[in-house]
Amino acid sequence: MLLRVPAAYRTDDCLPWVLPVVKKVEKLIVEDSSLNHEYLPILGLPEFRSASSKVALGDDCSAIKDNRVGGVQALGGTGALRIGAEFLRRWYNGVNNTATPVYVSAPTWENHNSVFADAGFKDIRPYHYWDAANRGLDLAGLLDDLEKAPEHSIFVLHACAHNPTGTDPTQEEWKKISEIMKRRNLFVFFDSAYQGFASGSLDKDAWAIRYFVSEGFELFVAQSFSKNFGLYNERVGNLTIVAQDGENLTRILSQMEKIVRTTWSNPPSQGARIVSKTLNCPELFAEWKGNVKTMADRVLLMRDQLKGKLQALNTPGTWEHITQQIGMFSFTGLNPKQVEFMIKERHVYLMASGRINMCGLTSSNIDYVAQSIHDAVTKVQ
Amino acid sequence: MKRPDSKLNETEVKENGDAGGHLSVFTNVHTAAGSPEKRLLSAFKKDTNPGKAYLAGREYYSEDGKTFELRLVRRIKQQLSADPTTRPEYPSPLGLTEFTRRATEVALGKSSRAIVEERVLGVQTPGFTAAVRLGAELLRNWYDHCAAWCGPVYLSSPCDDSLAGIFQAAGIQDIREYYYWDDQQRGVCLDKLLEDLEKAPERSVVVLSASAHYPTGADLSHNQWAVITELIMRRRLFPFLLLPPQALCYGNVEREAWPVQYCASQGMELLCAQSFSHCFGLYGEAVGHLLCVLKQNSLLLSVQSQAATIVKSLWAQPSAGGANIVATVLSNPAHVVEWKEEVKHIVERCMLIRELLRERLRLLGAPGCWDRLTQQSGLYCNTGLNEDQVEFLSQRRHVYLLPSGCLNVSAINGRNLDYIAESIHRALTTSL
């Protein structure tokens, strides 16, 4: 039994899910004989880029109206992060300044380190995030790191559904973070891989991004449509750039194009067309939101049920964090020995960190999993 | 930094975030000079002349002036979209196994000793550029274990102007040229080529076009390959072969892969970047492949793991769509026959256009010998026009060629052939 499935959604039958709206749109695309089959422009499909940025920043975002928002289509969230990192290394805080510190949360998605390191940054540091003792956000530690970070340091922030802890700052906490970052001239680089997937609401999941934009930050958002469209295999991502003004944006995009040209040159069109068609058509957009909510609701249900069962079993400890955390992952709080017990004795596979993929839980295995966690906690110290 | 005026509501985000009042963090960013191709395309788009013709594109254009979908590909796309068993999952970082298997066979031939001896690695990449980038990164990481190797890399003169940038992006700064196209001979000058490579330091990487050289269309003969590979082996250079529009030269997949097979048969270690965009009409799908032929099977796993590490922070996994289509075609003999037929039409049309153009130019009395137009094959040909003449063509005749005087023959069709031939004639005869 895998609770360590790759970061992909699974249905209650533990199968990957093709979103109904995606199936519908794929068919429309295949049958569309008016489509041209040329290389996409280097920066990607224009209607995809604008629709993607809009979905992150909101329909009535003033930055969009001011024409200072641009997008670069990329190969998934990873591609978007990489292009953004390559750009920052070349053009941010001087020219080709590889010494600019890059801060990633402790813990974070393991690939964050490699992406920034391979883009040339020499100084990648952790910022306090997870408080293991209290199973929550280490706000004091985080704020302290922000205060102490050298000016112009880059901070990689998870827009929602923090990977791997599932623990997000509250709106009040985000405001505190923003205040310090603005005062200390720190650069905001959001990683947004779960918009819609976390709470079921696109707007709610984008609150942090939109708040920072409204506070006047120039920032990057690496967006992935792998999870919320179920398009893992088509590698659909977008790097949204919020610049100070249109002129800055033009210059930035020209350099982005140069970077893309030496990486993959022309991105693949299939996934971008699906997302673009969906986001730009009101009916399909509504249908998609429904599909996304279906996925989010299932995960929320599993969280609720898992917590309920653990409480019913009187499993020692508090289990509030299971429903307080959000998104695909949960840091259970199980220690490495308990994790080993789960794997060896109960054949429930989770990460050594105690992270489980909530999508691996189903109505048929949840009792077994809850019982196994109970046994692990009571039998193993 | 000005603070927004009105109070912020708990649940709604104020929408007049003010970015004014301070310097942008990106003030130092200057506008990148667009690539020559981009500037050319931009000029073409602004050109309002109704007779304008763009002959500098990368794709194959059919008679109606548009890129098109192979009938077979269209059918397979429909089949795949109706397939209830396809599951959306992350592909492996190195790509679809069936695709890399077929892509490898198409380059090396099924019975290649290198394949049998399991010293070949195939990696699916999102397009041709990505394949070259991955190869460049691999070379930099692996070529010299003791110290990071950083070049030199030798590119043909002329070559695709994005190649240098790709190697540089991978951290290799020392990029040099070797003599390739000779204006006088209107073809490859082997002597000068060999002279340049003879001087190359050991372990230099030499980038060679296996077929359909871009942008000249001039390819090396079998004899020339034999001489060059002998030099490469003797001087311990490393060959990086390019095979972008495979099958579009002669309509014969094996024939165009011959240089790759020849090098492999000589026991050489090599990299080969392939693209399936042209021969499947899948430009928008970014279907590329990097082939690594190693000397020993024992190196395979470490190279594989190195490739996976590099891919992980570049694009994580390649996109599945196009590779699926190619794999579906290449693993089905009936499909392969049908595919080759459609490709043959493309190739024949290109040949026909070359012949027609040659005839027109001859009839107009355009100076020069135009036999080379039909001696070379594939999408591109070098007209021999110099920079001034090329500029004359775009400015005065609204016919756009690459700055090197090369053009994409497929963009010529029944409607514009006469005008283009006339324009070339004028460019050659008008004193500039």
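In chain A, seven strands make an open sheet of mixed pairing, in the order β1-β9-β8-β7-β6-β2-β3. Two strands count as paired if DSSP finds at least two bridges between them. Helices (H or I, at least four residues) and strands (E, at least two) are DSSP runs, numbered from the N terminus.

Before I go on, two remarks on the source. This is a predicted model, in which local features need pLDDT of at least 70 and side-chain atom pairs count only at pLDDT 80 or more, while totals for chains, interfaces and linings use all residues. Residues are numbered from 1 along each chain as its sequence is written, chains are lettered from A and ligands numbered from 1 in the order in which they are written, and side-chain values use heavy atoms, with hydrogens and water left out.

Back to the sheet in chain A. Its edges are β1 (69–75) and β3 (124–128), each with a single partner strand, so one side of each has no neighbour in the sheet. On average, neighbouring strands are turned by 25 degrees against each other, direction ignored. For angles in general, axes are lines fitted to C-alpha atoms, for helices over the stretch in contact, and angles run from 0 to 180 degrees between N-to-C directions.

Further in, β7 (residues 187–192) and β8 (residues 219–224) of chain A pair in the parallel sense over 5 bridges. A:Asp191 has A:Ala222 of β8(A) as its bridge partner.

Two helices of chain A pack on this sheet. Helix α2 (residues 46–57) touches β1, β8 and β9 (236–242) of chain A, and its direction makes about 70 degrees with that of β9(A). Helix α4 (residues 76–91) touches β1, β6 (154–158), β7, β8 and β9 of chain A, at about 160 degrees to the direction of β8(A). Contact here means heavy atoms within 4.5 Å.

Helix α4 of chain A also holds A:Arg90. Which residues does A:Arg90 contact, leaving aside its neighbours within four places in sequence? They are A:Val95, A:Asn96, A:Ile259 and, from chain B, B:Ala169. As for A:Asp145, 55 residues from A:Arg90 along the chain, the two C-alpha atoms are separated by 25 Å.

Next, a pair of helices. The axes of α1 (residues 20–31) and α12 (residues 282–312) of chain A come within 8 Å and cross at roughly 145 degrees. From α1(A), the contact uses A:Pro20, A:Val21, A:Lys24 and A:Val25; from α12(A), it uses A:Leu284, A:Glu287, A:Trp288 and A:Asn291. By class, these residues are 5 nonpolar, 1 polar and 2 charged. Ala, Val, Leu, Ile, Met, Phe, Trp, Tyr, Cys and Pro count as nonpolar, Asp, Glu, Lys and Arg as charged, and the others, Gly among them, as polar.

Chain A as a whole has 15 helices and 11 strands. Its C-alpha atoms fill a box of roughly 60 × 55 × 35 Å along the principal axes. Of its 381 residues, 65% are buried. Buried means under 20% relative accessible area, exposed over 50%, and partly exposed in between (1.4 Å probe, protein chains only).

Now chain B. Here too, 7 strands form an open sheet with mixed pairing, in the order β2-β10-β9-β8-β7-β3-β4. The edge strands, β2 (120–126) and β4 (175–179) of chain B, each pair on one side only. From one strand to the next, the twist averages 25 degrees. Strands β8 (residues 238–243) and β9 (residues 270–275) of chain B run parallel, joined by 4 bridges. B:Phe240 has B:Leu271 as its bridge partner in β9(B). Helix α3 (residues 97–108) of chain B packs on the sheet, touching β2, β9 and β10 (287–293), with its direction at about 65 degrees to that of β10(B).

Is strand β9(B) enclosed or open? With 6 of its 6 residues buried, β9(B) is largely enclosed by the rest of the structure. One side carries B:Leu270, B:Cys272 and B:Gln274, and the other B:Leu271, B:Ala273 and B:Ser275. B:Leu242 stands opposite B:Ala273. On the β10(B) side there are 6 bridges, and the two strands run antiparallel; B:Leu271 stands opposite B:Cys292 there.

Last, one loop residue. B:Gln246 lies between β8 and α9 (253–256) of chain B and counts as buried, at 2% relative accessibility. Residues touching B:Gln246 include B:Val106, B:Gln274, B:Ser275 and B:Cys279. B:Ala107 is 139 residues from B:Gln246 in sequence, and 9.0 Å away in space, C-alpha to C-alpha.
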